[in-house]
Amino acid sequence: MKAAAFRYARATSAAHAQALLAEHGEDARLLAGGQSLLAALNLRLSEPAILIDIGRIGHAAIEARDGRLRLSALATHAAIGRSAAVAEAAPMLAQAVPHIAHPAIRNRGTIGGSLALGDPAAEWPACALALNAEIVLASAARGERRVSAEDFFLGLYSTACAADEMVLAAEFPATAPNERQVCLELARRRGDYALVGVAASAKLEGGRISGLRAAFFGVGATPVLAREASRAAEGATVAEAARAAADALGRDLDPPGDPTTDGATRLRLARVLMRRAVEAMAA
Amino acid sequence: MSGAVEIALTVNGEAVRRAVDPRLHLVDFLRSELGLTGSHLGCEHGVCGACTVRLDGETVRGCLVLAVQADGAAVETIEGLAADPAWDDLRAAFVARNALQCGYCTPGMLASAAELLAAGGVPTRDAIRDHLSGNYCRCTGYHAIVDAVESVARARAGAPAA
Amino acid sequence: MSPPDALLHAVDRPNSWIGRARPREQAKRHAAGGGRFLDDLEPPRCLHAAFLRSPHAHARLLALDVTAAASQPGVFRVLVGADLDPVMTPWVGVLAHFKGLKSAPQYPLARGRAVFQGEPVAMVLAASRRAAEDALPHIHAEWEPLPVLTDPEESLAAPPIHAELGDNLAFTRTAETGDLQAAFARAHAVVESGFETARHTGVTLEPRGVLAHWDPAEERLTVHHGTQAPHMMKEIFVRHLGLAEEQVRVICPDVGGSYGVKIHTYQDEMACVAAARLLARPVKFVADRLESFQSDIHAREHRVHARMAVDADGRILAMDVEDLTGIGPYSVYPRTSAVEGNQVVNLSGGWYTMDAYRCRLRVAFTNKPPTCQYRAVGQPVAIALTEGLADLAARAVRLDPAEFRRRNLMPDGEYPAKAPSGVPLEGLSHQRALERLLEIMDYPALRRRQAEARAAGRHLGIGIASFIEVTNPSAMFYGVGGAPISAQDGCTVRLEPGGSATVASSLTEQGQGAEAVLAQVTADALGLDPARVRVVTGDTERTPYGGGTWASRGTGIGGEACLRAARGLSENIRALAGAVLQADPATLDLRDGAVVDAATGTGRMTLAEVGRLGYMRGDLLPPGVQPELSVTRHFQTRQYPFAFANGAQGCLLELDPETGWTSLLKHWVVEDCGTLVNPLLVDEQIRGGVVQGIGAALFEECLYDADGNLLNGTMADYLVPMAVEMPDIEVAHLCTPTAESALGAKGAGEAGTAAAPAAVMNALNDALAHFGARLTTMPFTPQRVLAALDAAGATAR
């Protein structure tokens, strides 16, 4: 299938992109890496009137400073995967990259695009939630604002990013001493969207788990933070935390089914991943 | 056409200038505007990898890039790779190992394999399989492709054949 | 890569090319991006087709208005069913030898009613595919949904989809040999099981496509078609366009995978050909991937219940099989949709000795897309049910699966024999194939490894599956039933004046290497380097008449025709050279591009000299000599309905009982396809086939809801095997040539696909057995594996 017709505007800067967004509003879609958008266009699942190409505005930097890791919106999955700064400051992200589709997609797809799309089965939204990242948004009308990941993902493909706003960056707190981060997922084929995935961080001190933040993906309309699992694991030994968090997951997750995997099975797989993630923290 | 857009790029080293419909994706552009029919459409939604080409040195899905996005860029297709002696060994290995049958996936497969080989070293068979997993082949069962890529990596690294 | 000498066939001579592993010339072109596929062709004035397809699985078309669509930019014409009536007649997919097989007339575009989702209803013809697609939403179609039948069992009890057919039972057949009741009555143990194979499809990476052009001045139709059988398609176009056969030419460009998908009569393709005839403009259609999933033939939706009786020594006494398959609303033309099930009847248990056998097949119409022949037709079902029962029976009598097979496989050397269904078998090597498989697997070591892994909490499964493979079909397969399907192939071999050879064959090249095989066979007979043999295929005007590429027949039938033609040419060359050299032709041989003295190898004249003499210098020839430097031969098998190949496969996998994931670790194949012309090509055919079979076992299924809506119509949702999940596949060969041909070759294209699902299933169940669990519903998704573990009450929650 071929995409329906649309107009095309190339933004020369972030400010220009915001001005174009202000002008075209709901008729416009931002084109970053395009790895989800162009597939949707080709399938005629989406027929925007105009695409605003932000591929040339810069904003691809990956910077770690002052205890923060800032991934500018146009940083590609591949660049994130190659970055030593990412591996050090947020190892979960480096672990997530190999799960994201395939190399040619990772060369184009961007973190900003992924967060803005808010695909509940994708890795970056869950990582952002697990690490409580801040999403930096900007619009011509209201300037810059920051939204925590917990407040960003509102529903299925729905985020706090308004129609006239763009994602400028995501900022992650750098990993703390004794913090462990894990990203695991189960996909029928490597690179497919996860049946279930988990991005998890916790402190491991004296063989005990604390501050577990486990964000699951592929389990609902948004990535889901498993708060009950976190509570259940608090202060427990690794083995106990792994078991307790997995057991508690039924109160956190109510995954929908799809034609080959029902919700109960997804929950069951989520429990396995939860346990394995906590165990991996001690490995 | 809703407002044709002027683009200028190099394709296999040749300067190209065209006015294109914004919705034209890169592979349709290469095929219909430039007659470079070596890049194939297998799914047109970014999954099968048959349309894989190189854009500014990196592999991309040609169906997930608009021609207008390639303005100012350097695009390399199988036709370019075929004319580049640096990849003679890879193409020869695919032929020698019969790592292709119908040939429809082959241009994209070669582009992905070239990217892996360009990284150097001798990847494990699993690493080769992993890197090529975004490129479907329905004919070979992949084994021969892995053999071919592995043999080139070994030869380039001066390592003995497996 | 070269096979051991023992595998070289008797036709080999010192300069033999038969049996040599050798890369394909054609591969070089593809590796350089020089493939020429259907969509690469774009003639002037070409119209591009896009189809409005039924969104409903079954619905009455209340209104269809195309006027708004017809006035969209770039649109030349929008056609509906009635528009094509003046140029095309409908078709019905039945064969006379399938007694009782029924189907309804099928039109290029649905008429008043759609009977599966995706059925084409109207076609837009525009200056580009983009423009054609843009116009589709402007077609106004009003539908009244009708009851939808997706389940074959329910369908049999429901009102008929086609009222004129009376019911939804398209075909039924029962084969019975021996005294079944008596055999079951004296059984030491009876095992039984259901088996389900999932509806899946071929997923050629190049979608289907056609480019048709009617020349009104010459009144000739030229159809470029990505097809396996150009001569057959020509005859279909002739029949249904009401043309004379001299008015139609079919040309087959490079084909990007076929596997049986590209050998059927598709409504959209027929509509394009009809439109080209009607409008006298070139009309091109290339399916997009969604259309492929919706409208390519599907296959393998079988629900089986089967029993096996064994005696106390673990000898099979009898098998009793019930097979039900849902084929969609039409039997596909011209091969029909009864053949797949019929193969289950013919082949089940076909490699075991037993006293009695019964198999009942029921073929039901449903409102899903039509199913038809896809690689390994019926064989994956027959092999899975047989080998699944074999493992169950082995367990029942406490025998290792390998030992159970040893006791029951037909003994080598006692052929000809008959399969339990009565199908004749020429000469097979099951016992040796099993032993060779166990050897290359190092079966005892694998069992030790499995035990060690289990002690460490890891769950390996080992599965084996013996099999037969249908190859080299005779006219008894289709021709006898009245279909325009030729079981013979023709080949012309021509010596060129420069001493090279040109071959024209009715086979087609789909990537399997038919052209390379023909070049090697010709080179062998003419003592030429295969690089000096040019091969022409895929053009009804430039090749002899013949069946094309299907049913693993290319090398066995088309290769034999080629061998006969090349040998005939060799005789003619030697006769001519003998006349010129005043030598007895019997003392001459052809080697290394020259006529030589057979005894000494001394060169007498080059083939180039023969060519020049024959074509240019008749003045130098002795009186009365008329050189014949082109020879055409045809071949078809006459004695046996099929030349069965045989073999055995093995699978090693690891089960994660917590997640239900299965990881394939290694796969082995032993294949006996008679003479190997090019082992390199055979090996890769087998490996590719195995991976399609693995796809069926683990991943692939066309999923429909109860309303007949396809749920996974994209490449992201329909899971085709990718590289990283696939194992390395080791292949070994035995060689039992067929005596029906001089070449002795049987086919090998379907062996991998035929038996891999059974091997994977048995390996999975070997791992599951530790938990008392079992699973026989393909594909073996994680959820199904977990459910099987739960049903056994065995999994840690």
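Mentor: Begin with buried area: the accessible area, taken with a 1.4 Å probe, that two parts lose on being put together, summed over both. Keep in mind that this model is predicted. Domain 1 of chain B and domain 2 of chain B bury about 960 Å² between them. Of that area, 48% is on carbon and sulfur atoms.

Trainee: Which residues belong to domain 1 and domain 2 of chain B?

Mentor: The assignment gives 5-77 to domain 1 of chain B and 84-157 to domain 2 of chain B. In the contact, 13 residues come from domain 1 of chain B and 12 residues from domain 2 of chain B.

Trainee: How many salt bridges and how many residue pairs in polar contact does the rule find across this interface?

Mentor: For salt bridges, the rule finds 0 between domain 1 of chain B and domain 2 of chain B. For polar contact, it finds 7 residue pairs across that interface.

Trainee: Which elements give two or more residues to the side of domain 1 of chain B?

Mentor: They are β3 (52-55) and β4 (58-61) of chain B. The largest share, 3 residues, comes from β4(B). By class, that side has 4 nonpolar, 6 polar and 3 charged residues.

Trainee: Now a single residue. Is A525(C) buried or exposed?

Mentor: Check the cut-off: buried means under 20% relative accessible area. A525(C) is at 11% relative accessibility, so it counts as buried. Its place is in helix α15 (residues 514-526) of chain C.

Trainee: How many residues apart in sequence are A525(C) and L590(C)?

Mentor: A525(C) and L590(C) are 65 residues apart in sequence. In space, their C-alpha atoms are 7.7 Å apart.

Notes:
Residues are numbered from 1 along each chain as its sequence is written. Chains are lettered from A and ligands numbered from 1 in the order in which they are written. This is a predicted model: local features need pLDDT of at least 70, side-chain atom pairs count only at pLDDT 80 or more; totals for chains, interfaces and linings use all residues. Side-chain values use heavy atoms; hydrogens and water are left out. Domain bounds come from an automatic or database domain assignment. Contact means heavy atoms within 4.5 Å. A salt bridge is a side-chain nitrogen of Lys or Arg within 4 Å of a carboxyl oxygen of Asp or Glu. A polar contact is a pair of N or O atoms within 3.5 Å; within protein, one must be able to donate a hydrogen and the other to accept it, and residues adjacent in sequence count only if both atoms are side-chain atoms. Helices (H or I, at least four residues) and strands (E, at least two) are DSSP runs, numbered from the N terminus. Ala, Val, Leu, Ile, Met, Phe, Trp, Tyr, Cys and Pro count as nonpolar, Asp, Glu, Lys and Arg as charged, and the others, Gly among them, as polar. Buried means under 20% relative accessible area, exposed over 50%, partly exposed in between (1.4 Å probe, protein chains only).
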